[in-house]
Amino acid sequence: NRWPVELKSVTINWESDSGESGQTTIPLTQMVNQLWFHLPLVLPDKIQRPAQISILPTLNFILRGKAKRVTVDNYFGLTKKPLQTFLANESLPTQPGWICGDVHLHTHLTSDQVEFGAPVEMTRHGATVMGLDFVATTDHSYDLDDYPTNYLKNDPALEKWHESRVQMRKLNQNQPEGCQLIPSEEITIRNHGGHNVHLLHYNDPKFFPGSGDGAERWLNTESEHDLASVLSERSTSTISVAAHPQYRVPFLHKLLIDRDEWSLEDLLGDGLNGAQVLSGTPESADFSRSRAVWIAALLKGKKLAIYGGSDAHGNFNVFRQVKMPMINLFQMDDQILGQARTIIASNSTQMMDMMDAMAKRRTAATTAPVGDITLTLPTGEVVEIGDEAICNSGDNITLNISGKSTTEFGPLIKIELYQGVFESQREEVIWESGSNKFELQESVRTEVTSAGYFRLEIKTPGNNRWPGIYLSTPIWVNLKP
Ligand SMILES: [Zn+2]
């Protein structure tokens with residue numbers, strides 16, 4: 001942001017957890033004259049895999065005639081810890097017939113006094129390298145309607161919105177083998193209490209204004225839409241998901257921009273497709289609270305698919321955010337691109353196929369392992385995640401469970417099959433298993449006597465940065481009258 005800058009070289013020091021280390025200097029002769037300059041650098045491919053690598057990059061440059069150097073970043077007050085990456089020798093855990101991506105992600109289209117992201121093409125590049133099949137660019141409604149060069153003013157022509165949709169379509173068309181971008185929006189809507197909550201809205205060619213918590217209109221925090229009005233005005237082949245339902249809102253955000261959480265009552269709204277229960281690491285207490293409110297909604301008979309996303313704001317390695325505007329920043333090891341993912345049962349990354357699978361609730365959320373569950377009726381009919389099985393009371397059914405992990409994320413230490421019963425409004429584990437295996441297949445037989453659902457959870461130790469968890473959307477069970 002201090003151009004013109006003359007780049008001279010980048011020196012990269014790296015060290016792997018097996019003790020290997022090295023230093024590479026990449027010479028540069030480049031002038032930077034614009035915002036959002038970015039440059040992919042490739043480390044020599046001689047490092048033994050798998051390995052956890054610490055990377056310490058130093059940029060040498062000339063600014064106003066003076067030689068300067070910056071290690072990691074030039075943000076005042078942050079410790080210059082090395083960047084972390086895992087060099088895998090196998091792909092992310094996958095299941096045949098399922099694809100995987102990050103459904104809550106900000107790019108540089110999110111740009112205002114306190115928030116930021118990385119350019120769309122770099123985000124896509126990072127996601128492709130990581131092995132993600134798709135990412136949804138859920139940039140804020142109150143940023144997408146700004147002028148491309150001035151985030152303090154709204155643009156009635158919506159040039160930034162229109163250009164970004166064209167750019168994403170082109171990137172998808174030009175590299176169909178790479179990670180597919182789902183053009184999306186994080187819309188600020190009013191909840192039941194009239195406060196602001198966030199709705200992840202995928203693949204709608206229509207823009208929805210939501211300026212309640214954009215801090216662009218001082219003391220006017222009322223958003224244009226509520227859930228019902230978005231759902232009644234949305235286009236076909238779009239999906240709407242409650243963003244991080246019970247992740248705690250900082251006190252200042254509550255006070256100044258009237259931001260709130262999704263209550264159980266909010267989640268029961270008609271037409272909502274799902275809830276992003278997992279947002280970053282499952283170690284967060286806010287994940288447990290979100291999981292609890294999702295289960296409460298399931299027990300009320302609400303068919304909500306589960307979603308997982310990172311809510312990364314350009315965090316490819318480390319999370320950085322404004323703590324107090326104009327005063328300080330902070331950083332943490334959470335909300336990293338692709339850290340929490342959604343897997344969807346689709347054979348292709350064609351937009352229509354992905355939206356169709358989401359509409360059918362064929363989803364699961366994960367930070368590591370993958371799994372699947374199907375239900376076989378006495379007739380032999382097989383019912384999948386997201387569907388409803390119609391049974392006679394007393395039917396013996398079979399639940400076919402599978403799970404899978406990789407050395408990066410560790411063995412399947414706990415597999416739990418949950419049954420939710422509408423009548424008693426209770427959920428319990430009806431079968432569980434633990435192992436040191438990386439793959440599991442089991443059949444569990446049980447008798448159906450009441451309406452409700454079955455769902456699967458799997459835990460692994462995870463990598464050295466966060467634990468592994470998988471949660472499936474349920475298979476619902478209804479009784480013949
Ligand atoms: Zn967000």
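Buried here means under 20% relative accessible area. Keep that cut-off in hand for this tour of a predicted model.

Stop 1: Now look at the angles.

Stop 2: Colour the chain by residue number. Next, pick out H106 and D311, a pair that links distant parts of the chain, 205 residues apart. H106 sits in strand β6, residues 99-106. D311 is in the loop between β15 (305-309) and β16 (312-313).

**Stop 3: accessibility of that pair.** Stay on the two residues. Is H106 buried or exposed? H106 has a relative accessible area of 1%, so it is buried. D311 has a value of 10%, so this residue is buried too.

**Stop 4: the cysteines.** Select the cysteine sulfurs. How many disulfides does the structure hold? The count is zero. Centre on C179, which is in no disulfide. The cysteine sulfur nearest to that of C179 belongs to C100, 9.0 Å away. A disulfide would need the two sulfur atoms within 2.5 Å. C179 is buried, with a relative accessible area of 1%.

**Last stop: C391.** Select C391. This cysteine is buried, and its relative accessible area is 0%.

Note on methods
Residues numbered from 1 in each chain as written. Predicted model: local features only at pLDDT ≥ 70, side-chain atom pairs only at ≥ 80, totals over all residues. Heavy atoms only, no water. Helix = DSSP H or I, 4+ residues; strand = E, 2+ residues; numbered from the N terminus. Buried < 20%, exposed > 50% of the residue type's maximum accessible area, 1.4 Å probe, protein only.
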